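Keep the picture open while you read.

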Amino acid sequence: MSEEMNLSEVLQVRRDKLKKLREMGRDPYKIEKYDQTHFSQDIKNDFETMEGNEVSIAGRIMAKRTMGKAAFIDIQDKQGRIQSYVRKDAISEEEYEVFLTYDIGDIVGIKGTVFKTKHGEISVKATAVKLLSKSLKPLPEKWHGLKDKELRYRQRYVDLIVNPEVKNTFIGRTKAIKALRKYLDDRDFLEVETPILDSVASGANARPFITHHNTLDIDMYMRIATELHLKRLVVGGIDRVYEIGRLFRNEGMSPKHNPEFTTIEWYMAYADYEVMMQMCEEVVSEMAMAAAGTTKLTYQGKEIDLTPPWRRIRMVDLVTEETGVNFEEVATDEEARCIAKEKGIEVNKETTKGDIINLFFEEFCEEKLIQPTFVTHHPVEISPFAKRDPENPHYTHRFEAFANSWEIANAFSELNDPLDQRERFEDQLRKKELGDDETAMADEDFLNALEVGLPPTGGIGIGIDRLVMLLTDSPTIRDVIFFPTMKPIDK
């Protein structure tokens with residue numbers, strides 16, 4: 001008999017059991033609540049106090065071992081698993097016969113007393129067992145295993161049941177975000193929410209998702225950054241502001257890219273990129289302590305030490321260090337293009353020296369940044385929202401933080417010169433007209449806000465998903481997002 005037919009029979013048997021329960025007036029789906037007084041790990045941790053006490057627990061049956069007039073079942077609740085001992089003479093013959101029909105995966109409530117078996121296992125001796133929800137499908141570990149990663153991501157609810165250690169990653173994620181919030185809240189930052197739908201896609205270089213508002217009859221964009229709205233709030237006098245939220249970028253997918261992802265951006269009036277640098281290494285180390293209990297991590301076999309202070313180096317100096325090419329001595333864009341071609345870097349007649357410095361960095365330097373490093377002073381061509389370095393206006397007061405060769409943060413001394421900002425928007429528009437569909441759009445209302453007046457401001461964005469990957473030793477971004485974007489099975 002085929003596996004499909006066997007599975008079909010199992011599904012029918014479970015439905016038949018449900019039908020019989022309903023005929024007996026025991027429809028589990030009519031139950032709305034259950035008085036759950038204790039949880040598995042709390043009972044185990046405090047056994048000396050709990051022994052002999054009556055408890056009421058609830059959870060999913062994960063194992064069942066029947067021995068005539070008695071049975072052992074393992075119950076899984078939010079804290080873990082605990083065994084329950086169910087005897088016919090303790091719950092009545094009728095109740096025991098019904099109990100025997102319960103399946104692995106069913107959700108039950110158990111009242112009983114805490115004791116330790118002769119084998120030393122802390123358990124609950126049942127005085128009453130109540131079916132709270134019937135599982136009409138068998139758990140995959142019993143029938144065909146849940147080894148298929150794709151299936152685990154598609155059916156995260158099953159993944160969490162049969163691989164409970166998965167939950168630890170998401171608990172670590174939540175602890176890290178709580179530490180992040182506390183760090184900023186303790187420094188008088190205000191958490192806010194800004195629009196997800198906007199009429200302009202700006203604040204970053206990324207291809208947006210486009211949707212349509214029927215009533216207004218306009219195309220709208222799902223936000224690619226929170227930056228410009230948050231800086232409007234600084235203009236309005238909210239000097240310290242942050243937002244944790246989803247961004248949406250219509251780009252490729254990879255082990256460290258998901259089309260929707262979580263970031264934090266914060267902005268601080270009267271601060272610069274160096275203040276952001278200090279805050280970045282402080283908050284990341286605090287998030288590491290919260291999620292992993294240490295700042296010295298092992299990620300996929302690599303030792304990474306997030307303890308401040310982190311290394312700081314200018315992008316152009318790092319390129320010289322890794323390639324021997326000193327772009328400080330290169331006078332023209334044409335000369336830079338020639339050097340790029342010699343090194344196998346693809347360029348065109350519009351590619352500037354600043355663009356090429358960044359291309360060299362991405363090609364020859366990025367993958368070597370395993371230990372946390374602040375790469376600073378990006379070329380102005382790739383930094384449309386950062387202030388120029390007064391000592392060398394070809395570069396900006398910007399940094400990106402890298403660890404494990406990934407960018408985990410991006411920060412600037414924010415550009416607050418509205419005339420310079422307009423010129424940079426116009427340069428971005430020229431790139432868009434030349435076919436760069438990841439170039440940010442010009443935002444006239446934001447330019448208006450700058451003309452009202454933005455104080456000197458430091459700002460930063462941190463990719464939370466990628467950072468959590470590092471803190472939880474997770475090999476792919478799908479492991480740290482409950483419901484990652486997946487291609488539909490029929491596609």
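Glycine 344 sits in the loop between helix H13 (333-342) and helix H14 (353-365). Keep in mind that this is a predicted model. Is glycine 344 buried or exposed? Glycine 344 is exposed, because its relative accessible area is 65%.

Two cysteines are worth a stop here. Cysteine 338 counts as partly exposed, because its relative accessibility is 36%. Cysteine 365, on the other hand, counts as buried, at 1% relative accessibility. Why doesn't the sulfur of cysteine 365 form a bond with the closest cysteine sulfur? That closest sulfur belongs to cysteine 280 and is 19 Å away, which is too far for a bond. A disulfide, after all, is a covalent bond between the sulfur atoms of two cysteines. With a cut-off of 2.5 Å between the sulfurs, the count of disulfides comes to zero.

Now for some strands. Strand S18 (residues 398-403) is mostly covered, with six of its six residues buried. Arg398, Glu400 and Phe402 point one way from S18, while Phe399, Ala401 and Ala403 point the other way.

S18 pairs with strand S15 (residues 373-376) in the antiparallel sense, over four bridges. S18 also pairs with strand S19 (residues 406-413), again antiparallel, over six bridges. S18 and S19 form a hairpin with two residues between the strands, and asparagine 404 takes a positive phi near 55 degrees there. S19 is largely enclosed by the rest of the structure, because six of its eight residues are buried. S19 in turn pairs antiparallel with strand S20 (residues 457-463) over five bridges.

If you'd like to trace these pairings residue by residue, here are some that stand opposite each other:

| Residue | Opposite residue | Strand of the opposite residue |
|---|---|---|
| Valine 375 | Glutamate 400 | S18 |
| Glutamate 400 | Asparagine 410 | S19 |
| Alanine 401 | Alanine 409 | S19 |
| Asparagine 410 | Glycine 461 | S20 |

Elsewhere, there's an open sheet of three strands, in the order S7-S9-S8, with antiparallel pairing. Which strands stand at the edges? They are strand S7 (197-198) and strand S8 (210-213); each has a single partner strand, so one side of each is left without a neighbour in the sheet. S7 is joined to strand S9 (residues 218-222) by two bridges, and the two run antiparallel. In that pairing, leucine 197 stands opposite methionine 222 in S9.

On to the inside of the protein. The largest nonpolar core has 46 residues, and Trp266 and Phe399 have the most contacts inside it. Helix H11 (residues 273-292) gives the most to this core, with nine residues. Apart from this core lies another one, of 25 residues, among them Leu21, Ile43, Ile82 and Tyr96.

What does phenylalanine 399 touch, not counting residues up to four places away in sequence? Its contacts include Tyr273, Met276, Met277 and Cys280, as well as Phe374, Val375, Ala409, Asn410 and Ile460.

Let's finish with H11 itself. H11 has 20 residues and reaches 28 Å from its first C-alpha to its last, close to the 28 Å expected at 1.5 Å a residue. The buried residues of H11 include Tyr273, Met276, Met277, Cys280, Val283, Val284, Met287 and Ala288.

Aspartate 272 caps the N-terminal end of H11, with a side-chain oxygen 3.1 Å from the backbone nitrogen of glutamate 274. Just after H11, glycine 293 takes a positive phi of about 80 degrees.

Key: Residues are numbered from 1 along each chain as its sequence is written. This is a predicted model: local features need pLDDT of at least 70, side-chain atom pairs count only at pLDDT 80 or more; totals for chains, interfaces and linings use all residues. Side-chain values use heavy atoms; hydrogens and water are left out. Buried means under 20% relative accessible area, exposed over 50%, partly exposed in between (1.4 Å probe, protein chains only). Two strands pair if DSSP finds at least two bridges between them. A nonpolar core is a set of buried Ala, Val, Leu, Ile, Met, Phe, Trp, Tyr and Cys residues joined through side-chain atoms within 4.5 Å. Contact means heavy atoms within 4.5 Å. The expected span of a helix is 1.5 Å times one less than its number of residues. A polar contact is a pair of N or O atoms within 3.5 Å; within protein, one must be able to donate a hydrogen and the other to accept it, and residues adjacent in sequence count only if both atoms are side-chain atoms.
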